[in-house]
Every structure is written in structure tokens, then in C-alpha cells.
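Trainee: Could we go through this structure together, one question at a time?
Mentor: Gladly; let's look at it first.

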Amino acid sequence: DGPLHMFMHADWSERDPVIGAQRGWYTLDRRSHGLPDSRSLYSFPGNYAYLDDKGQVAFAPLPGCAPHLVNENGLCMLDEAKYTTIQTDQTVKSLFVRASRDIGNSAELHADLRLSDVMQRQQAAPFAATVNLARGVSGSPDPTRPVVVLYSFADVGPIREATESSTHALNVGAKGTTAGWQWNADLSLQGNSVVDRIDGFLKPSEALRLLIADQYRFGGPNSAETLAMLSPSLRRKGRTSLSEFVASASGRAWELPAGTVMAGVGVEARYARVKDVPDPPLQSDDRLF
């Protein structure tokens, strides 16, 4: 028998995230370039939209807006670009190992293993919504009349997604020549699993309950327990697997006056599975939005 030959390659790479707030030029407020201010009225602590005495739609900021977010009209603006991922946070780990060995002068055994794990994180602007209130709240233009709040749930945090994907693949087999026939046989086992987590969306039933009970304060402060009820983490898991066996052989079958007749035979079998495991909220009418 011949010597054992091995090859191995390992890799680990990390990439730091870049968020819009880390780059001064990444903004929706382009007035310094002579362009419009495209920031959103759906901000934190938000703006009121109401009908004034003339029956026209008017806007007013909720108290507590940070000075640098107030525009020339005194309204509170949200710069969604500042929350957005420019470069994804990523960690990649991989390993490849291959081994082979000659058996006599006409056969070879071989095996290879591949493993990889990829983690990615990214984010977007906080969830925003139009909230209709039967009556105004503290600071609204007229607390006795209905009011609409253009609001960003920034205290919940930006919408964040973390995805981890793991892959494995094992292949073992043999090849060689016997009585003038070339043959090979391989067994392959492959699999992939993905776990996806999203934070920052709202659960409708809890949002409605907390707003009706006046347990959520626009613009804060709100307790960590309140925010956790308002926006629970959302997970989804998936797995795939593939088992495969392939064997083939080819060689001289017989001789004819016109020449040699070649023949080939083969067999192939596969078995695949796919499994999706979403969190219960994804399967109910009370799913996050």
C-alpha cells in the first residue's frame, strides 16, 4: 500500500460593520448640497398630525426632540440613513481536509471533509407607524381632540437581523482499475442549517394592549420589560440534508471485426430532506409586523 496523502486548509475572517451614523456623508438631509431634506416625520419622540381650526392638516412635534433633529419648521425628523448598515458585520470560518491513499497499483481510497460557518449581522431604521389616538396626550395641540402620532419606536432599537449558516459535506470513495475496467464509487453526506433572528418588529396584540393601558409612553422613558413585551425576538430555523451514492464502471465489453465495443454501467441514489422551523408568532395571526 502507498503512503497517506493529506491536505488541509483553514480560514477565519472577520469584517467589522459600518453603520450610517459612522459616516457623516451618509444622510438623508442633503440641504448642504442644495438638495431636499428627505428625513422622515416618523421620528422619536415623533410628531402630531391634526386638523387645525381651519380644517387643514397641521403638524407639531412631541416634546423632547433632540435639537439636531429639529428642522427649520420646528418638526422632529428621523434620519433613517444613520441607522442603516453600509457594510455588513460578518465572520466566516471554514475548514477543508482531504486524504487519499493508494491501494496496490490499481486502486485509491479518498475522503474529504468541508465545514463552514458564516455569521452576518445587519440593521435598518427603527420600526415606524401611524398611531391614531382617540384623544391627545400630554403636549399635543389639543388634548381633548383626536390626534395622529407619526412615530418611530427608536427606544425598541433599530430593526436588527443576525443570520448564522453552517454547512458540512463529507465525501468518501474509491476508484481504480480492475481487469481493464475503470470504476469509481462515492458516498456523499451534505447538510446545511440556518438560524435567523430578527429584533425590532412589534407584536400587534402587545402594542395595542400597552397603548390602551397607557403603559407605553411616546418618547419614553419605558422600562426594559415593557419594550421586551412590545418587541420580542423572532427566530426561524431551517435545515437541509442530502445523502448521495454514485457508482460507475466502464471498459471493454467484447471485440468485433469493426473494433472494440465499450460499455458503461452506473447507479445513483439520492435522499434529500428540508425542514423549516419558524417561531409560533410566524404561524399565528398575531405575527409581528
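Trainee: Is Tyr 216 buried or exposed?
Mentor: This is a predicted model, where local features need pLDDT of at least 70, side-chain atom pairs count only at pLDDT 80 or more, and totals for chains, interfaces and linings use all residues. Residues are numbered from 1 along each chain as its sequence is written, and side-chain values use heavy atoms, with hydrogens and water left out. Buried means under 20% relative accessible area, exposed over 50%, and partly exposed in between (1.4 Å probe, protein chains only). Tyr 216 has 2% relative accessibility, so the residue counts as buried.

Trainee: How many aromatic pairs does a search of the whole structure find?
Mentor: Rings of Phe, Tyr and Trp (its six-membered ring) pair if their centres lie within 6.5 Å; planes under 30 degrees apart count as stacked, over 60 as edge-to-face and the rest as tilted. With that rule, the number of aromatic pairs found in the whole structure is ten.

Trainee: What kind of pair do Phe 127 and Phe 153 form?
Mentor: Both Phe 127 and Phe 153 are buried. Their ring centres are 6.5 Å apart with 40° between the planes, and the pair is tilted.

Trainee: And what kind of pair do Tyr 151 and Tyr 216 form?
Mentor: Tyr 151 has 0% relative accessibility and therefore counts as buried. The centres of Tyr 151 and Tyr 216 are 6.1 Å apart, the planes stand at 80°, and the pair is edge-to-face.

Trainee: How many residues apart are Tyr 151 and Tyr 216?
Mentor: Strands (E, at least two residues) and helices (H or I, at least four) are DSSP runs, numbered from the N terminus. Tyr 151 lies in strand β9, while Tyr 216 is in the loop between α1 (204-212) and α2 (224-230). The pair thus links distant parts of the chain, and the separation in residues is 65.

Trainee: Which residues do ring pairs link into a cluster?
Mentor: Tyr 151 and Tyr 216 belong to it.
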